[in-house]
Amino acid sequence: MKELLKLLFITLILSSCKTSNDGFIITGHIEGLKDSTLITLYDLDQEVNLDSAISINGNFKMSGKVEYPSSCWIKCLDEYANIQVENVEITFESPIKDMHLNSVINGGKEQELQNKLKKLQRPYDLIYFGAVDSFMNKKYSNDVEMQNLIKRFSESQSTSHEIYVDFGKRHSNSFFGLNIVYMNRQSIPSDTLKAIFQDLPVSIKSTPTAKALNVFLYEKVAKVGDSFIDFEANTIDGQQFKLSSLKGQYIYLSFWSAGCGPCRMENKYLSENFDQVPNNLSIVSFSVDKNKAAWVNASKADNINWHNVSDNAGTKGKIKTQYQVQAIPTSFLIDKDGVIIKKFKGFDGDGNLIEKLKEAIDKI
């Protein structure tokens with residue numbers, strides 16, 4: 001009997017250790033969800049599903065292990081909610097409608113920070129999403145009301161973003177806060193960023209986010225008027241590519257990803273109008289996807305038949321950081337001498353990109 005109790009005790013201890021030290025366990029309930037609905041946990045940095053589950057009476061359980069606390073989405077049908085995943089027990093509760101606004105998540109220090117930020121942003125986010133809904137569903141009777149809606153969602157979004165960036169700066173010694181700082185690095189003064197970096201705990205300085213911030217602060221970065229920064233990457237079929245191999249030609253270097261709508265629009269535009277690209281202009285599409293399968297599938301779907309490369313380092317990669325790419329698509333026009341002469345942000349579906357490139361080349 002004593003041996004049985006001893007074995008039971010050891011089993012309980014091992015079980016407890018596995019829960020607290022070996023990985024994460026998410027126990028959740030989504031109200032209004034039909035049975036057998038697929039729920040996925042998507043890592044935004046790694047661009048992979050960490051786990052998935054099937055709902056039973058709205059309940060689900062997922063588990064796994066992360067190297068560092070990670071910003072993720074819990075996705076279900078067309079809904080999603082942000083969640084900070086670290087190797088602890090986490091609970092998730094939400095109605096299926098507007099999960100991104102109504103989810104209640106607990107477990108871990110990083111999630112606690114997200115909860116504090118969410119509480120600060122919530123009044124402005126409710127105004128923003130309410131105004132967007134009214135605008136999209138044309139719940140206005142004249143142009144004045146329409147412009148008021150546009151003003152409301154613009155002002156509320158701006159205020160919410162200011163709260164977001166300020167929160168990141170004030171909590172930059174956390175994984176969650178530092179990620180906010182990195183994603184908004186171009187709008188934060190360099191002195192502030194350097195002070196933040198110097199004060200980082202040793203445990204965080206070894207993370208990909210901190211390493212990328214170090215590159216941004218202390219290594220050469222691409223600027224209009226300067227020579228391009230050479231790099232080596234892999235083509236989609238595994239061949240080595242070096243940007244300097246194209247020197248002597250004009251180069252259009254575009255950073256994109258499979259999950260970026262405007263990026264995919266640009267790819268398809270270039271594919272459909274490739275015969276109009278000047279012979280002295282080489283196009284290089286640089287994928288920031290960490291998930292190679294996503295890169296390959298998107299490239300096939302968009303019919304990319306020009307230089308198509310990646311370092312498979314994801315959104316915190318050194319090359320992307322050196323080229324000061326914060327939002328995608330971001331692109332650069334490089335002249336025959338290797339000088340960056342123009343930087344493009346976003347993709348204008350109503351504009352003629354190829355004509356703009358020709359005009360810029362003709363002015364040289």
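A258 is in contact (heavy atoms within 4.5 Å) with R264, D289, A294 and A298, leaving aside its neighbours within four places in sequence. This is a predicted model, in which local features need pLDDT of at least 70 and side-chain atom pairs count only at pLDDT 80 or more, while totals for chains, interfaces and linings use all residues. Residues are numbered from 1 along each chain as its sequence is written, and side-chain values use heavy atoms, with hydrogens and water left out.

**Around A258**
- A258 lies in the loop between β11 (250-256) and α9 (261-272); helices (H or I, at least four residues) and strands (E, at least two) are DSSP runs, numbered from the N terminus.
- With a relative accessibility of 16%, A258 counts as buried; the cut-offs are under 20% relative accessible area for buried, over 50% for exposed and in between for partly exposed (1.4 Å probe, protein chains only).
- A258 and L113 are 145 residues apart along the chain, and 30 Å separates their C-alpha atoms.

**Helix α12**
- In helix α12 (residues 353-362), the buried residues are L353, I354, L357, A360 and I361.
- These residues lie on the same side of α12, because they cover an arc of only 125° around the axis, the arc being that of the directions from the helix axis to the C-beta atoms.
- Here is the background: an α-helix has 3.6 residues a turn, so residues three or four places apart point the same way.
- The cover over the buried residues of α12 includes β11, α9, β12 (281-287), β14 (330-334) and β15 (340-345).

**Aromatic pairs**
- Rings of Phe, Tyr and Trp (its six-membered ring) pair if their centres lie within 6.5 Å; planes under 30 degrees apart count as stacked, over 60 as edge-to-face and the rest as tilted.
- The count by this rule is 19 aromatic pairs.
- Y42 and W73 make a tilted pair, because their ring centres are 6.4 Å apart and their planes are at 35°.
- Y42 lies in strand β2 (residues 38-43) and W73 in strand β5 (residues 70-76), so this pair ties together parts 31 residues apart in sequence.
- Y68 and F175 are also tilted, because their planes are at 35°, with ring centres 6.2 Å apart.
- Y68 is partly exposed at 22% relative accessible area, and F175 is partly exposed at 22% too.
- One aromatic cluster is formed by Y128, F129, F135, Y140 and F153.

**Charges over rings**
- The charged end of R185 sits over the ring of F216, 5.6 Å from its centre; the rule asks for NZ of Lys or CZ of Arg within 6 Å of the ring centre and within 35 degrees of the ring normal.
- K205 lies over the face of F197, 5.0 Å from the ring centre.
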